[in-house]
Amino acid sequence: PAPGDFSGEGSQGLPDPSPKPKQLPELIRMKRDGGRLSEADIRSFVAAVVNGSAQGAQIGAMLMAIRLRGMDLQETSVLTQALAQSGQQLEWPEAWRQQLVDKHSTGGVGDKVSLVLAPALAACGCKVPMISGRGLGHTGGTLDKLESIPGFNVIQSPEQMQVLLEQAGCCIVGQSEQLVPADGILYAARDVTATVDSLPLITASILSKKLVEGLSALVVDVKFGGAAVFPNQEQARELAKTLVSGVASPWATVLPNPVPPSSARSPSLLHGSPTCCDFRGPGWPGLTSPLGGPQRRALQEALVLSDRAPFAAPSPFAELVLPPQQ
């Protein structure tokens, strides 16, 4: 045929127009029936959550479908990125590039490590832009604890966060209209729809907040036991493996000892990167107990800056982070 003559070429001629986005009921039905959501499907759902076109019942139905049918690693990865990109990406001075670190916990009754660890790391020269969460189900939330202090404000703009990091070295804030807004909406919905313990939803929620922070190192504390989201170590290990799968950065997962109901004790900090390791032992009776050699090396590998001596600046808080060996 003459140039430009596409007659008779059928599917090899001009490309078909892009398919129309699926409606939310169709997406919910697909996942309910065990189907796999494409990247466009997931991003369409997250966009509807943020712009308000998704009804509360539809959000709850999708969360339950994901809880019952699950998501594969690629779906979970796309959901994580979509949540992270639903708001603003935090940007920091270049001089902070190797100083930005954080710790995140999957939650448990009596979990107060973040309240101590963030200022301790700041005292050691790190910058900790912690985007934390509220309580889910029966677990306690760091933000809920902080808001019990009269006048404490957990909603801060990116500009305010930078000022806090410059002045104090750390801040603990929550999701907002600027920071991972989609996660904030899904997070609240999970709490009232019995979908808290969904592996892909937990993974996407945690990692989306940490991707926004622009970190150089992260430790995730995955709890299990009667006071945690997951009652046994097998489920916690599965979550820990999901959290590190495909993460090409110095991020580590932590498997603690079991947390009994109403426990206020801190778990031992154990390390796994890029896979999970389980250092068996009695755990920490308190935050200031000495760490063994493997645990010390794990924390150093995950948190200590690559271009400076480990905790070179003398500080009383350094004892809390890496107690001297005895």
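1. Let's start with V180: at 0% relative accessibility, this residue counts as buried, because the cut-off for that label is under 20%. Please keep in mind that the model is a predicted one. V180 sits in the loop that links β3 (170-173) to α8.

2. The backbone of V180 deserves a look as well. Its phi is positive, about 35°, although the residue is not a glycine. Most residues other than glycine have a negative phi.

3. You will find A194 in the loop between α8 and α9 (199-213).

4. Is A194 buried or exposed? With a relative accessible area of 62%, A194 is exposed, since that label applies over 50%. V180, by contrast, is buried at 0%.

5. Helix α8 (residues 181-191) packs against helix α2 (residues 39-51), with axes that come within 9 Å and cross at roughly 85°. That angle falls between 65 and 115 degrees, so α2 and α8 are roughly perpendicular to each other.

6. Which residues make this contact? From α2 come F45, V46, V49 and V50, and they meet A182, I185 and L186 of α8. By class, the residues of the α2 contact with α8 are seven nonpolar, no polar and no charged.

Key. Residues numbered from 1 in each chain as written. Predicted model: local features only at pLDDT ≥ 70, side-chain atom pairs only at ≥ 80, totals over all residues. Heavy atoms only, no water. Axes fitted to C-alpha atoms, helices over the stretch in contact; angles between N-to-C directions. Helix = DSSP H or I, 4+ residues; strand = E, 2+ residues; numbered from the N terminus. Parallel < 35°, antiparallel > 145°, perpendicular 65-115°, else oblique. Contact = heavy atoms within 4.5 Å. Nonpolar A, V, L, I, M, F, W, Y, C, P; charged D, E, K, R; others polar. Buried < 20%, exposed > 50% of the residue type's maximum accessible area, 1.4 Å probe, protein only.
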